[in-house]
Amino acid sequence: MQTADKTHGAPRLTRRNLLKAVGVGGALLVAAQIPRWIAKGSANAPDEGGGTFSAVIRIGADDIVTLVMPRVEMGQGIYTSLSMLIAEELEVDLSRVRLEHAPADDELYGRTDSGVQGTGGSTSVRTAWLPMRQAGAAARMMLTAAAAQSWGVDVSACKAENGGVLHAASGRQLRYGELAALAATMSVPVEVQLKDRSQFQKIGSAQKRLEAPEKVNGTARFGIDAQLPGLRVVTVAASPVPGGRVKGVNAEAARGVRGVSQVVRLDDLVAVVADHMGAARKGLAAAQVEWDDGPAGQYSTEAMVAELAKASGQEGATARREGDVATAQADATAKGHRNIEAIYQQPLLAQAPMEPMNCTVKLLPNSCEIWLGTQVPTRAQAAAAQAADLRVEQVQVHNHLLGGGFGRRLDVDFVTQAVRIAREVQAPIKVVWTREEDMQHSTFRPSHYNRLSATLDAQGHPVAWHHRVTGSSVIARYSPAAFRNNVDPDAIRDAAGPYEFANMLIQYVRQEPPEGLLTGWWRGVGHMQNAFPVECFMDELARASGRDAIAFRKPLLTKQPRALRVLEVAAEKSGWGVPLARGRGRGLALTYSFQTYAAQVVEVSVDADGNVTTERVITVVDCGQVISPGALGAQVHGGTIFGLSAALFGNISIKDGRVEQSNFHDYRVLRMNEIPAMETHVISSTEDPTGIGEIATVVIAPALLNAIHDATGKRIRRLPINPADLKAA
């Protein structure tokens, strides 16, 4: 697959790479293709008509440009950002762009990296950067050619601008809508001329969010807004203990609640069907469900940590090896050099998206339709088909805006549950999981137990690095084919950070919780889980060597000039090295993740009771070409708050097999008065755009903890932060 132009050149378009155009009902359709077989190096290319489309652009007689969007909007702003790529090259105002959710179809809309239609991993903009622009430019060229043909003039005398084509010599103009039908008969250009970056008018500039008006006036449609004739509302109670079963239920009492029409009892859950959510919840409470906890009824957080600690004593599978760590450590020890060890621990976390989990199902003998918000439409389709005992093509997915995802809606366990219930109800149903039910049955971010060791030479430089990651494998459950040689590639991602060590050993030990306690994706994924131990341990090593944290890192980044630049700007903007008042501290963390370089500097204050106040956060990013500055700033701020909440308060604990947390009163997030002052500095770049949605979540925790150590002298190695641990310090 081609990379984006660096000099606004003209990439060639052939049957095997990018564009396809057709005319339908007087409209011009241009499909931007990202063929998976090229990305994977396969020789099995399809025939002339084949391809994997990243999006379909439709230009109608009404001048409206409709983008059939293969990715989903969940607050990250990609509907606007991706539309900007099209609008820039097509020369239309964003106000003329409309969006439609793409149907579930891996063949048409699958991502290049996985072949699956999905939104996640901060991939949307970086994978669309070239194909979207090329599609817009090709459509512009075809419309311009159509105008030239209509006027009988040379195409070079015509210019596309503001949603139409102008013949400057005569002053004649034609709107795109007037040209669409004729343009659809034109050949797709073999060479597409993209704009030079100096010509960008929309890319890199402030633009209003396309979906914002509907979100403000209440007309935006989320999954929970689905309505059908005869729809019944359902709420659920599943076994609070993994692997547990229903022992008893007072169905008569539940049906006695006004508005309740049915109680569904399955092996592992009870669902109440009603006219509305209020009645369903009251009915479920009246049902007084009793549970047989099963063998996991005695499981606890303490047992989980003990199992992880024991497993971490194993050698594990080797994920990466450079040089010879054992020999380097032995040589250093013989010379009296220092070998430093540390253990870092991370708890289970829930995603807790603001829109409650929901799925509406209309199940008929030979078909199934589902209405929901999902990051993975085809996985949802497959799950519904399996649960309904139907073929995949018999299931239709109606996707919606997502009221937050953070990885929770990358899983489809809730779809399976909804269809299982629908099989017992003779009406379409909308299943809504309460906050409490989802909090206690989420696909939790894994708890990790990290053993790190490093050896410093006589000058305090690290000569060996060893990191062993122990925890549950999300990959083994979610994508088994990617779990190879007993290594979860996400769990060990960035286990040495962006740094170069002559001797390095990265290992992985898989240790699973009881069956039924699912672990899943969480904002920042493996990058975030390893940035915490790696960047905090780097701070430990810097202090042990007697060197400044930035000065200590620089020799390990000689092959990473962009990382060095990010560090330098972070130091400048944060006033690094300027003394702070007593009780205040400053800490730093660096990452290269989602192909973006980023650093954060955090300033904190810690009071006499150990309470931490985050005073200031300075973020510096090098994410290539910025598409939407507003979206970038919002993602950095949101990711910072998301990560700070987890570091300060986030913990899913288990007692007697049950998750103890249930809602935001005991699964805290930062409140408005706790939000720190935030600055975001973007390094200007002509590189292709890279991921930004999860960057701040990756680095905020280690930067915070390094700042706390700077303020108190206390090293925190287990999250979340406990004020009692800091009170003594």
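Student: In which hand do helices H18 and H19 cross?

Tutor: In this predicted model, helix H18 (residues 629-649) packs against helix H19 (residues 695-712) with the axes 8 Å apart and at an angle of about 45°. That angle makes H18 oblique to H19. The crossing of H18 and H19 is right-handed.

Student: Which residues of H19 do the residues of H18 meet?

Tutor: The H18 side of this contact consists of Val-636, Gly-639, Thr-640, Phe-642, Gly-643, Leu-644, Ala-647 and Leu-648. Their counterparts in H19 are Ala-696, Thr-697, Ile-700, Ala-701 and Leu-704.

Student: Why is one side of S11 and of S18 left without a neighbour in the sheet?

Tutor: The open sheet has seven strands in the order S11-S12-S9-S19-S16-S17-S18, and its pairing is mixed. Strands S11 (260-265) and S18 (395-399) lack a neighbour on one side because they stand at the edges, each with a single partner strand. From one strand to the next, the twist averages 20°.

Student: Which residue of S18 is the bridge partner of Ile-370?

Tutor: Strand S17 (residues 367-372) runs parallel to S18, and five bridges join the two. Within S18, the bridge partner of Ile-370 is Val-397.

Student: At about what angle to S16 does helix H12 run?

Tutor: Two helices that lie across strands of this sheet may be taken in turn. Helix H11 (residues 377-388) lies across strand S16 (358-364), S17 and S18, and runs at about 140° to S18. Helix H12 (residues 413-422) lies across S9, S11, S12, S16, S17 and S19. Its direction relative to S16 is about 40°.

Student: Are H11 and H12 roughly parallel or roughly antiparallel to each other?

Tutor: The axes of H11 and H12 are 8 Å apart and meet at an angle of about 30°. The contact is made by Ala-380, Ala-383, Ala-384, Ala-387 and Ala-388 of H11 together with Val-415, Thr-416 and Val-419 of H12. H11 passes H12 in a right-handed crossing. Angles under 35 degrees count as roughly parallel, and H11 and H12 are therefore roughly parallel.

Student: How many of the seven residues of strand S22 are buried?

Tutor: Strand S22 (residues 504-510) is joined by five bridges to strand S14 (residues 317-322), and these two run antiparallel. S22 also pairs with strand S21 (residues 462-471), in the parallel sense and over seven bridges. S22 is largely enclosed by the rest of the structure, because the number of its buried residues is six.

Student: Which residue in S22 is the bridge partner of Glu-322, and which one stands opposite Thr-470?

Tutor: For Glu-322, the bridge partner in S22 is Met-504. Opposite Thr-470, the residue in S22 is Val-509.

Student: Within what arc do the buried residues of helix H5 fall?

Tutor: Helix H5 (residues 176-183) has Tyr-176, Gly-177, Leu-179, Ala-180 and Ala-183 as its buried residues. Seen down the helix axis, these residues line one face of H5, because they fall within an arc of 155°.

Student: Does Gln-329 count as buried or exposed?

Tutor: Gln-329 has its place in helix H10 (residues 325-334). Residues up to four places away in sequence not being counted, Gln-329 touches Asn-339, Ser-453, Thr-455 and Ala-464. Buried means under 20% relative accessible area. With a relative accessibility of 17%, Gln-329 therefore counts as buried.

Technical notes:
Residues numbered from 1 in each chain as written. Predicted model: local features only at pLDDT ≥ 70, side-chain atom pairs only at ≥ 80, totals over all residues. Heavy atoms only, no water. Pairing = 2+ DSSP bridges. Helix = DSSP H or I, 4+ residues; strand = E, 2+ residues; numbered from the N terminus. Axes fitted to C-alpha atoms, helices over the stretch in contact; angles between N-to-C directions. Contact = heavy atoms within 4.5 Å. Buried < 20%, exposed > 50% of the residue type's maximum accessible area, 1.4 Å probe, protein only. Arc of directions from axis to C-beta. Parallel < 35°, antiparallel > 145°, perpendicular 65-115°, else oblique. Left-handed = near helix turned anticlockwise from the far one by under 90°.
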